[in-house]
Amino acid sequence: LGVIVEGARMTADPAVLARPGRTEPCAPPALARADDGCPPVAVLTGVGVEVARTPVLRQVHLTLRAGEVLGLTGPNGSGKSTLLRVLATLLAPSAGTGVVLGAELGQPGCAAVRPQIGLLAHAAGLSPRLTLIENLRLIARLTGRHAGAAEQALAEVGLGGAAHRRVEQCSQGMVRRAELARLLMSEPRLLLLDEPHVGLDLAAA
């Protein structure tokens, strides 16, 4: 499992982000440890992204191996969420190359690896009119998990007692925890967390 967290309070390589007004290329960061013989979870080489002809990311170099955790920090609008969308194979880069879980970014093979990627985005990926347990049971059924996986995942995030509450009746923090339960249940090989602490109280965070 490789993990990338936006907004984490940990060391992050500033070369990952192209801050507004920055035009010079960023040097590739050194690998945290020696090659263990396994292919990296994700590799980006000189990746750039433009939105409406405005550069959002420039010359991003990144290597993530299984077992590593990378934190991204930076000001609003510096491209952190955009980078997570690129790594989730939801946004093809406009420059450079990238490989995530063996699939080349922007190519048809990305569809096959998406079920192995867990993305916690700003917008919840749960149906608001279904209960928490109905949402997770649906995901469990679609991903081939056993029948009790949904209940177990909700219990792990402290929502076992609220399993039959509809999502639209839950607080922001409860929905956030349910999203984390969804990710736990899916057992992704690449976990992308976009400000996972938002909406959570101190105990939950």
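A: A salt bridge is taken here as a side-chain nitrogen of Lys or Arg within 4 Å of a carboxyl oxygen of Asp or Glu. The model is predicted, and local features therefore require pLDDT of at least 70, side-chain atom pairs count only at pLDDT 80 or more, and totals for chains, interfaces and linings use all residues. Residues are numbered from 1 along each chain as its sequence is written, and side-chain values use heavy atoms, with hydrogens and water left out.

Helices (H or I, at least four residues) and strands (E, at least two) are DSSP runs numbered from the N terminus. Within helix 5, arginine 182 and glutamate 179 stand three residues apart, about one turn of the helix. Their side chains form a salt bridge with an N to O distance of 3.1 Å. Both arginine 182 and glutamate 179 are buried, a class that means under 20% relative accessible area, with exposed set at over 50% and partly exposed in between (1.4 Å probe, protein chains only).

The next topic is packing against a second helix. Two packed helices are described by the angle between their axes and the distance between the axes. The crossing of helix 4 and helix 5 is right-handed, the near helix being turned clockwise from the far one by less than a right angle.

Contact means heavy atoms within 4.5 Å. From helix 4, Ala149, Ala150, Ala153, Leu154 and Glu156 meet Ala181, Leu184 and Met185 of helix 5. The residues of this contact divide into seven nonpolar, no polar and one charged. In that scheme Ala, Val, Leu, Ile, Met, Phe, Trp, Tyr, Cys and Pro are nonpolar, Asp, Glu, Lys and Arg are charged, and the others, Gly among them, are polar.

Glutamate 187 pairs with arginine 145, and their closest N and O atoms are 3.8 Å apart. The pair links distant parts of the chain, 42 residues apart: glutamate 187 belongs to the loop between helix 5 and strand 8 (190-194), and arginine 145 to the loop between helix 3 (132-142) and helix 4. Glutamate 187 counts as exposed because its relative accessibility is 60%, whereas arginine 145, at 27%, is partly exposed.

Another salt bridge joins glutamate 168 and arginine 166 at 2.8 Å, N to O. Glutamate 168 is partly exposed at 42% relative accessible area, and arginine 166 is partly exposed at 33%. By this rule the count comes to four salt bridges.

Finally, valine 198 lies in the segment after strand 8 and touches Gln172 and Arg176, residues up to four places away in sequence not being counted. The C-alpha atoms of valine 198 and glycine 173 are separated by 7.7 Å, although the two residues are 25 apart along the chain. Valine 198 is partly exposed, with a relative accessible area of 31%.
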